[in-house]
Every structure is written in C-alpha cells, then in structure tokens.
Amino acid sequence: MNIKSQFPIFNNNKGLIYLDSASTTQKPEAVIDSIVQQYSNNNSNVHRGLYKIAYKTDTKWVEAHSIVAKYINAKSYKEVFFTKNSTEGLNWIANTVSLSPDDVVVISEMEHHSNVLPWMKVSKEKGVILEKIKVSEEGTLDLSHLKELVSKYGNRMKVVSVLHQSNVLGTVNNVEEIVKVAKTVGALTVIDAAQSIAHMEIDVQKIGCDVLVFSSHKIYGPSGIGVVYCKEELLNSFEPWLRGGEMVKSVEEDNILYNDLPWKFEAGTPAIEAGIGLGIALKWFEKSVEELGGWSEFKRKEKALTTLLVDGLKEIEGIKLVGGEIEREGIVSFNIDGIHPHDISSLLDENGICVRAGYHCVQPLHQKLGLNGSTRVSLGIYNTKEDIEETIKQLKKVVNIFRK
Amino acid sequence: MNETYTKELIENYKNPKRFGKMETPDLTGRAVNDLCGDELTLYVKNEEGKVTDIMFDGRGCAICIGSMSLIIEELMDRNIYDLLKIQEDTILDKIGMKKDSPRVRCATLSIEAIKNLK
C-alpha cells in the first residue's frame with residue numbers, strides 16, 4: 001500500500017521530504033475531502049437547527065466524538081469533548097481543578113510549554129507549589145523522584161500532569177506507573193498525549209488517568225480541533241470553564257441548566273468541519289495501521305526507520321544527539337559542533353527536506369541539558385527508508401559547507 | 001538560500017572579525033531574536049561623535065554572526081549619528097538575501113544592534 005500517494009502535499013511538491021510530523025502531520029486526501037464535503041453538502045451549526053442538513057451535521061458531530069472515544073477506549077463519548085488543541089485542554093484542566101494555597105502540582109522537566117505555563121499561572125495566582133519530576137542526563141524521567149515527592153507531600157499533592165512522549169527526546173514515559181504512584185495519594189492525573197497519539201495505541205482505561213489530551217493535527221486530522229478525555233464522574237463534578245452558547249439548556253435569572261455531557265464543556269460554535277475531519281482521520285489512520293500489518297508491525301517499521309536515522313546521524317563528525325542511549329520512537333533531536341540548528345534547517349530546506357530547528361517549545365529541557373536549541377527530525381506514517389537516506393546524505397553536505 | 005551561504009559568510013561565521021567583549025565601551029547596542037534566542041552586542045569607542053574602535057560578541061547562526069562580522073569593518077571611523085540611520089537593505093544587499101526570506105531577521109539583527117547603540 002502506498003501511503004505517500006494518499007497525501008496531496010507530496011503530489012503537489014515533488015521530492016518533498018517531510019520530517020516535521022512532531023510539529024504537525026500532513027493530511028490524507030480523505031480528511032481534506034471530508035472538509036470540502038462538510039462545507040459543500042451539510043454546512044450548518046451543531047445542536048441548533050431543526051432542518052435536515054443540521055440534523056446530518058449533528059449526527060456527524062456526535063459520531064466524531066464516538067470515534068474518538070472508541071479510539072482511546074473511553075467508556076463513552078460523554079467522556080470526550082473537543083477543544084482547539086492539546087494546549088487548550090491543558091489550560092482547561094489547570095483552570096478547572098480546585099486548588100488551594102500550599103497544594104502541590106507536579107509536572108516534569110521535559111514538558112512542552114503548554115504543560116508548564118498554565119500551571120505556572122495557577123501556582124502564582126493560588127499559591128500552589130509547582131514541582132518538576134527530574135530528567136536524568138540520559139534523558140529519561142526519574143520516577144524515584146516522583147516517589148520522593150509523593151512521600152514528601154502526601155495528599156497535598158493534588159495534580160500530576162506529565163507528557164506521554166517527549167517531543168524533543170522521543171522517549172516514551174511509563175504513564176501507567178506514573179498514574180499508579182500518583183493515585184497512592186489521590187492526585188488527579190493528567191496525560192499530555194499530543195506526541196504519542198500517532199505513534200502507539202492509547203487506552204485511557206489501561207493508563208488509568210483521569211484526564212488525557214491530544215490534538216487532531218498531530219494524527220493526520222485538521223488543525224483547530226483538540227480532544228480532552230476526562231472521566232465522567234469528574235466531568236459531572238466540574239464547573240465549565242468556558243461559557244456561552246451550546247453548553248446550556250436554559251438560562252434564567254438565577255438558574256442555569258447546563259447541557260448534557262460532553263456538550264457542557266463545548267461553549268460556542270466549534271470548528272465543526274475539523275471535528276468531523278478528526279473522526280475521518282482516526283478511521284483512516286486505524287485502517288492504514290491495519291493495512292501495514294497492525295500496531296506491532298507499524299511500530300517495528302517506525303523503530304527500524306528511527307534506528308536507521310540514529311545510525312546515520314552518528315556517522316556525522318561532531319554530532320551530539322539530545323539524550324543518551326535512550327529508546328527513541330520516531331523523534332530524534334541533535335546538534336552538530338559549530339553549526340547552528342537554523343543553518344542546518346535552512347540548508348536542508350534547499351533540498352526539499354523539512355526539519356524543525358530551535359527549542360521545539362521546550363526551552364526548560366534544553367536549558368537543563370545546556371543546549372541553545374537543537375535540530376529535530378520526526379517521522380510520520382508516510383516516511384520511507386529513502387527519505388532518511390537522502391536526509392543523511394544532504395546533512396553530510398551541509399556539514400562539508402562548514403568544515404571546508 | 002545557498003547564495004547567502006557563501007564561503008565568505010561561512011568564513012566570517014567561523015572566524016568573526018572584531019569578536020570579543022570590549023571592557024570599557026562608550027556605547028553598547030544589544031539585539032535579541034526572540035524566535036531563536038540569538039543575540040548580538042556591539043561595543044563602540046566614541047570620540048567626538050566618531051567610531052574609533054568597535055567590537056561585538058554574542059551567539060547565533062552563520063547568517064547572524066557572519067552578517068555582523070561582514071559589516072563591522074565598515075563601521076569604523078563613521079559618524080555615530082550617520083550610523084544610527086543605517087538601513088536593513090545594507091546587510092541584505094551585502095549577503096544577497098531577499099526581503100521575503102524566512103531568515104531576514106537573522107541578517108538584520110546586526111542592523112538592530114547598531115540602531116540600539118546608546
């Protein structure tokens with residue numbers, strides 16, 4: 001099965017080698033078509049109209065939630081509501097959970113800014129203590145430090161919010177273990193699955209977390225739509241953060257009757273075509289993984305490409321990978337002595353190769369590791385052995401420009 | 001972009017001219033690119049409104065450091081007030097970069113440092 005040919009961007013940009021899927025993934029034709037179809041055939045608002053096309057849109061909107069729920073093994077679509085992206089999901093929980101002075105929120109040293117800044121705000125405003133699980137020099141999360149924090153704070157620890165897969169290191173955290181440890185003191189557990197969602201099976205019940213967030217655009221879906229999974233009993237107990245249309249059944253002088261779950265948390269007109277497109281993207285992705293031979297085969301292929309990339313990079317004089325001998329899954333960041341990441345990125349772009357350069361929205365980790373940014377290569381379902389080989393070849397040419 | 005990465009630019013990046021910190025400058029000009037954290041500081045000795053010595057330090061990509069190095073010799077002996085009127089085109093023309101290049105800011109950080117002299 002030719003995956004690349006299903007993505008119009010590769011037909012419209014001959015020779016394009018896209019290695020920035022950790023930033024955003026390209027979109028298959030099926031997803032792009034679904035957006036056009038929604039606007040062309042059924043365009044109308046959700047939960048409002050009584051006419052046929054509105055009914056069709058409503059059905060598709062609910063169906064998209066059901067597809068997501070099934071994809072992450074939530075108990076029902078009531079546990080899934082749509083946001084703009086993972087960032088909004090993390091801001092939602094940080095602004096929703098009840099916290100008092102001297103309560104403790106735990107994040108980690110490898111978090112994306114989106115799981116740092118909302119908690120910093122809460123910490124400052126409410127006098128909450130913000131702790132960070134340490135990252136070893138190798139680039140792995142130090143779970144013994146989490147256990148120390150649990151012993152130190154006990155049930156003052158109210159929230160543990162960590163990412164599933166690092167968008168810099170490519171490592172996957174043992175979130176099941178993290179949730180288990182956090183639950184010994186009854187902390188609310190939040191998992192940022194933005195990066196892992198397109199690389200491994202996500203089962204919220206198996207992870208056991210209270211909240212999990214991800215973005216549609218990182219799993220071949222449209223941008224502008226994100227997902228919050230949250231346990232139903234918690235959603236019932238939470239007051240909505242955003243208020244307006246759609247999230248209420250009735251508004252009287254002193255009495256507001258909220259809408260049913262999950263609509264209570266979807267105030268205002270959402271990105272309808274994008275939400276429906278996310279459902280299509282997940283269906284497409286599931287089918288593609290199946291056609292590639294299932295999850296184990298998908299992961300084996302991705303691992304083989306990652307290994308090819310790591311081995312190729314290691315041949316380059318003066319290269320230093322971010323993180324030591326760690327298990328990277330489709331993401332590798334590096335620096336080359338004497339060459340700035342932006343120069344590497346610009347010169348690779350001359351050959352149609354797209355890689356990310358900078359902090360990747362994770363400045364604290366770079367600072368901890370003493371790095372002024374890095375260059376990152378990240379894989380998507382469309383990448384091939386040839387993509388990696390060409391990239392290594394061009395990277396060697398870039399190095400030669402600076403070494404001559 | 002390859003036209004920008006000339007041997008001359010790379011050489012200026014690897015061995016920048018007048019690079020280092022000046023201990024007691026009369027004027028300094030600092031510029032930071034928030035996007036990437038690259039930064040330049042320009043140090044100037046000023047006698048009666050004229051540049052009598054100039055140095056710079058900082059960290060950055062080849063375009064950022066190379067651009068500053070490529071332009072710095074021209075700043076010697078210049079009138080300070082003339083210097084502050086310097087245009088971004090001066091550096092873009094010199095390194096052959098188009099105004100719509102995504103890397104314009106890397107090149108013009110040098111101009112910003114000059115304009116920030118005080």
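The largest cavity of this predicted model has a volume of about 50 Å³, a volume being the space filled by probe spheres set on grid points joined across faces, edges and corners. A cavity is a set of points on a 1 Å grid over the protein atoms alone where a 1.4 Å probe fits but cannot get out, and lining residues have an atom within 4 Å of a point. The whole structure holds three cavities of 30 Å³ or more. Lining the largest cavity are A:Phe81, A:Thr83, A:Glu88, A:Trp92, A:Trp241, A:Leu242 and A:Phe265. By class, this lining has five nonpolar residues, one polar and one charged.

The interface is considered next. Chain B and chain A each bring 14 residues to the contact, defined by heavy atoms within 4.5 Å. About 1300 Å² is buried between chain B and chain A, with carbon and sulfur atoms giving 51%; buried area is the accessible area (1.4 Å probe) that two parts lose on being put together, summed over both. One salt bridge is counted between the two chains, namely a side-chain nitrogen of Lys or Arg within 4 Å of a carboxyl oxygen of Asp or Glu. A:Asp343 and B:Arg103 form a salt bridge, their closest N and O atoms lying 3.0 Å apart.

Residues are numbered from 1 along each chain as its sequence is written, and chains are lettered from A and ligands numbered from 1 in the order in which they are written. In this predicted model, local features need pLDDT of at least 70, side-chain atom pairs count only at pLDDT 80 or more, and totals for chains, interfaces and linings use all residues, while side-chain values use heavy atoms, with hydrogens and water left out.

Terms used. 1 Å grid on protein atoms, 1.4 Å probe; cavity = no way out; pocket = protein on both sides within 12 Å on 5 of 7 lines; lining within 4 Å. Nonpolar A, V, L, I, M, F, W, Y, C, P; charged D, E, K, R; others polar.
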